[in-house]
Amino acid sequence: MIRKEADSKIRKRKTLIIDLVMMGAIFSFLLCYFEPHLLFSKTITTGGDTGSHYYTAEYLKNYLLPRMKVSGWCQGNLAGFPMLQNYFPFPFFLMALLSWVIPLQISFKLITVLGTFLLPPCTYLFFRLLKQPFPVPVMAAVFTLPFLFMEGNSMWGGNIPSTLAGTFCYSLGFALAILWFGLLYRAITDQKGWVGCAILLAMVGLCHGYTLLFAVFASLFFVFTRKKVGPNVRTLAQIYILAFFLMAFWLLPLIIFLPYTTRFSILWIFFNLQQIGREIFPVILYPFIILGVLGLFAAILKNVRSSQALIMKPWIYVWFLAFCGVALYWVGYRIGVVDIRFLPFLQFFLIVAGAIVFSLAASHKKVSVLVALIAIILTFLWVDDRETFIRNWIRSNYTGFESKRLWAPFISVNRFLKGSPGDPRVVYEHSMVHQGAGTVRAFESLPLFSGRSTLEGVYIQGSLSVPFIFYLQSEISRKASTPIPDYNYSRFNLQRGFEHLKLFNVGELIVAEAETREAIKGFPGFEFRYRAGPYEIYELETGSKRYVEPLKYKPVLVTKGDWRRLFYKWFRLGDLAVPIVFKNEVEDGDKLRFHIMETPAVRKLPKESLQGYGLVQETVREEEIVIEGASPGKPLMVKISYHPNWKVEGAGKIYLVSPAFMLIYPESSKVRLYFGRTWPDYVGASMTALGILFILLASVYDMSGIRDRMSNWFDRHCLRGFLVFMGIAVVAAAYYLIRLSPEFPVLSYNKGIQYFTQKDFSKARQYFKEVLQRFPQTLIVDQAAYHYAMCFFREKEWDRTIRALESLLEDYPETGRAGEVLYHMGLCYMKLGKIGDAREYFSRTVNEFPDQVWAQFAKDRLKEIQGR
C-alpha cells in the first residue's frame, strides 16, 4: 500500500514536471513575439486605443490614489468625465501598484500583456479543476495559441490583435473568467471554495463588463441539472452576492449613473459565409475545431448510463460554454451591448474542446507524452506559419510614441500648447496622418503630453457630451470617424463648426490634412500660430475664452420627451444663443427663470435678452470650479459635462442644459462647484467594506455552522420563490427579446436597398420611410431620406422627388449628399420644363460643391440649357 502511494506521488511529480516544461515552452513561444527588451523599455506604449489608456494609469497613480480615490473627475477629455467610473479599474490599479517598484511606462506594458500570458495557465488550471487527466490540461493550454494568434479580427477581444488594439482589460478579464469557470465547477461539485470563487468573479468584473456578463450567464449551467438544484442555486447565490458586494464600490455608481453616459451599441452584421469563415472561423482554428468536433462525437458515442451523469460531464460543460457565446451574441444588441464581444468565448471553447480528445491516450503514459510533444511542436509550427502581422504590430506598440516617424513634430506641438486644465480646450482634425505619431488617436493624449484638455477621448460612453463632440469633429474633419451609430453627422463645414468650437470653449485647432489647411486659410476666425511637420495650429478668434459664460438670452425649459434627441437637434439646427434646460418637473420660480415649452421648435426659440450680467473670473481645476464676480440671479453656463456628482456652493442647484453642460443661478458673487460623492458612492463603498469584513471573518473563524443554518433557511423559505422568479425572468426576457427589443435601423435600410436594386420602389420606399420615422437621428438616416426620394426619381415622379429632396435638406442640411441632392433637384426641374429653377439648382451645385463630381455634371447640364 505504501509502495503504491509512493509510486503514485512519483507519477504525479513526473506529470507535473512535464506540464511545467510544456508551459515553459508556451511562454518561450510567446516571448519570441513579445520581446523582453521591448516590454522593459521605458517608452510610452501606443497603437490603436492603447496609447490613450496610458493617461488613465498616470491619472490614477498621480491624482486619484493620492486622494484615496479609484475614480474621479477628469477635465482632460470628453468635455470632462468621471475617470474610471464607467471603465474597469483593476488593470489600471495593478499598473499603479507595480509602478511603485518599476517605472509606470514598464508596468503599463506588463499589465497590457498580462491577460495574454495568463490565458494558457488559466486554461490549464480550468481543465485540472475539471479533473481531466494528463495530457488534456496542458494540451488545452497549448491550444490557446491559435486563439491568441488568430488574425481574423482586432476588436472583439481576447486574441493578441485585439489586445494590441487596446482591449487589454478584456484580455485580462477573459483569462480570469476561464479560471473562474474551473473554480466554479469545483465549488459546485465538491461544495467548497465558494469564497475564492466570489473573489475571482469580482476581479473578472473589475477587469471588464463583458467577461462578467458572460461568466454570470454561463454559470446558469448548474441550474439545469436535475439533482442538487437547491445546493447549486444556493452556492451560485452566495457567490453572486459576495462578488457584488466586493465590486459595489465601483459597480453600484456605474449602474446608478448609466443614464448619464452615452449608449454605444453596434450590430455586427455578417453578410456572407465567406466573411463568417474569415472572421469567426479563420483558417488558423480549423485543425483544433476539427479535433473538438471529433471529441464531441467520441463522447456522445460512449454508453452513458443516466442523463444526470451526462449533463454533469466536463465535455458537456465546455460545449455549453461555447454555446453561451452564440446565445449572448444573438441577444447582445437587443440588451444594448456590443454583440461581437461574446464571440471570442465561442471561438475559445471550440478550440480547447479539442484537447479532450487526448484523454483517449491518458491510460498510456508514454504514448500520451509522445502524442503531447508531437502536438505541441505541430501547434507551434502551425501558429508561427499562419502569423502575418502580429510581430510587427507588437514591435510598433511597445517601441512607443518616442520611436514614431512623427514623434518630433507631435511632441513639438504639445510643447507649444503646454498649459493646464484651466486653459481653453484644444481640438484636432481627425486624420490618418496621426498614425505616423503612433495611433490615429494620438492627440487624445494631449492632457498627458501638454497638460491641456481636448474633446475626444477613448472612453466614448463616459460622458453626455460625446455625441456633440463627434458631430463637431465631423464638421472640422475631412475624414470623420463617426463612431456612434445612434447619431447622424455632418459633412465638412467650418462655418457651423466654428460656432460649435466656441460653444465648447476651444482655443486652438490642430489641422493635419492639406485640404483642410487650404480651407481654413480663407476662413475668418482662425489665425495661424504654429507649424511642425504636417501639423498646423490655428487659434480661434472668439473674444472671451471661458468655461463659465453668462447667458445673453433667457433659456427654454422642457420637462417632457426625449431630451437627448431634442438637445442633439438643437445642436445641429438650433440657435446656440438660446440654450434648452431639461428637468423632470416645473418648480416654483421656474417661470421667472425660463421660457417653459412642451415641444420647442429649435429653429424658432424665443429670444428674450437678459440684462445686468457681466464677465466673471473663473478658476478651473480637475474637480473644482471657482467663480468670482457672479451676478446673483443671472444664469451662468458652465461648459463642462453634466453629472449628478457635481455639487455647488453659492447657488441653489445645477441644471442640465444643452448640449450637455451645467447651468447655475448664483445666489452670491462667489460660487464653488466641486465633484463630490453621492449616495451610490457611499453605499457602494460600505457594501465593499462589508464584503471584505466577511472574508476576513471567514478566514479567522469557522463559519460553517452559520452557513448551514443560512442554507437551511434558504432552502425552506427562498429556494422555491427564487426558482419561480427565475422562471418568470426567463419568460419575460424571451418576450422582450422577441417582441419588444430594439430594432436595427440598418436592417430596415438594407432591405430597402435590396428592393431598390430590384426596382421594387414601392416596397423600398416603405423601408426607407420606416428608418426616417423611427430612427430620425441615426448614422444612416440621411442615406435613407436620399434613397426614399430616389424611389420617386426612378419612377419619374418629378414633383414628389423634389418635395422629398427638399424635406431632406430641411431636416438634414448637413448631409454629405447635399451636392448630389441639389443636382437631382435641378434634373427634376429640367424634366418638368422649369428651366429657371433648374438653372438655379445647377448653379448652386457648382458654387457650393465645386470639388464634387456633381459640380461637373451640373456644368454639363448648364451648357445644355444655355439659351433656353
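1. Where is the place of P135? P135 is found in the loop between α6 (114-129) and α7 (136-142). Helices here are DSSP runs of H or I with at least four residues, strands are runs of E with at least two, and both are numbered from the N terminus. The peptide bond that leads from F134 to P135 is cis, with omega near 5°.

2. A note on the basis of these points. This is a predicted model, in which local features need pLDDT of at least 70 and side-chain atom pairs count only at pLDDT 80 or more, while totals for chains, interfaces and linings use all residues. Residues are numbered from 1 along each chain as its sequence is written, and side-chain values use heavy atoms, with hydrogens and water left out.

3. Another cis peptide bond joins S658 and P659, where omega is about 5°. P659 belongs to the loop between β15 and β16.

4. M68 is not a glycine, yet its phi is positive, near 60°. M68 sits in the loop between α3 (50-64) and β1 (72-74). L84 is not a glycine either, and its phi is about 65°. The loop that holds L84 runs between β2 (81-83) and α4. Are these residues buried or exposed? M68 is exposed, with a relative accessible area of 72%, whereas L84 is buried at 2%. Buried means under 20% relative accessible area, exposed means over 50%, and partly exposed lies in between (1.4 Å probe, protein chains only).

5. Aromatic rings come next. A search of the whole structure finds 81 aromatic pairs. Rings of Phe, Tyr and Trp (its six-membered ring) pair if their centres lie within 6.5 Å; planes under 30 degrees apart count as stacked, over 60 as edge-to-face and the rest as tilted. One of the pairs is F214 with F345, which is stacked, at 3.8 Å centre to centre and 10° between the planes. This pair links distant parts of the chain, since F214 is in helix α12 (residues 209-218) and F345 in helix α18 (residues 343-352), 131 residues apart. Both F214 and F345 are buried.

6. Why is the pair of Y655 and Y665 edge-to-face? The ring centres of Y655 and Y665 are 6.0 Å apart and the planes stand at 80°, so the pair is edge-to-face. Y655 lies in strand β15 (residues 655-657) and Y665 in the loop between β16 (661-664) and β17 (670-675), so the pair ties together parts that are 10 residues apart in sequence. Y655 and Y665 are both buried.

7. Charges also sit over rings. This is said if NZ of Lys or CZ of Arg is within 6 Å of the ring centre and within 35 degrees of the ring normal. The charged end of R391 sits over the ring of Y33, at 4.1 Å from its centre. The charged end of K607 sits over the ring of Y553, at 4.6 Å from its centre.

8. Helix α32 (residues 781-794) packs against helix α33 (residues 798-811) at an angle of about 170°, and their axes are 7 Å apart. Axes are lines fitted to C-alpha atoms, for helices over the stretch in contact, and angles run from 0 to 180 degrees between N-to-C directions. The angle makes α32 roughly antiparallel to α33. Angles under 35 degrees count as roughly parallel, over 145 as roughly antiparallel, 65 to 115 as roughly perpendicular and the rest as oblique. Among the residues that make the contact are Y786, A789 and F793 of α32 and W798, T801 and L805 of α33. Contact means heavy atoms within 4.5 Å. The contact residues divide into 11 nonpolar, 1 polar and 2 charged. Ala, Val, Leu, Ile, Met, Phe, Trp, Tyr, Cys and Pro count as nonpolar, Asp, Glu, Lys and Arg as charged, and the others, Gly among them, as polar.

9. Helix α4 (residues 90-98) packs with helix α10 (residues 168-190) at about 100°, with axes 9 Å apart. The two helices are therefore roughly perpendicular to each other. P91, F92, L94 and M95 of α4 meet F168, C169 and L172 of α10. In α4 the residues F90, P91, F92, M95 and A96 are buried. Their cover includes α3, α5 (104-112), α10 and α11 (194-207).

10. L509 lies in strand β4 (residues 506-511) and is buried, at 1% relative accessibility. The C-alpha atoms of L509 and V426 are 5.9 Å apart, although 83 residues separate them along the chain.
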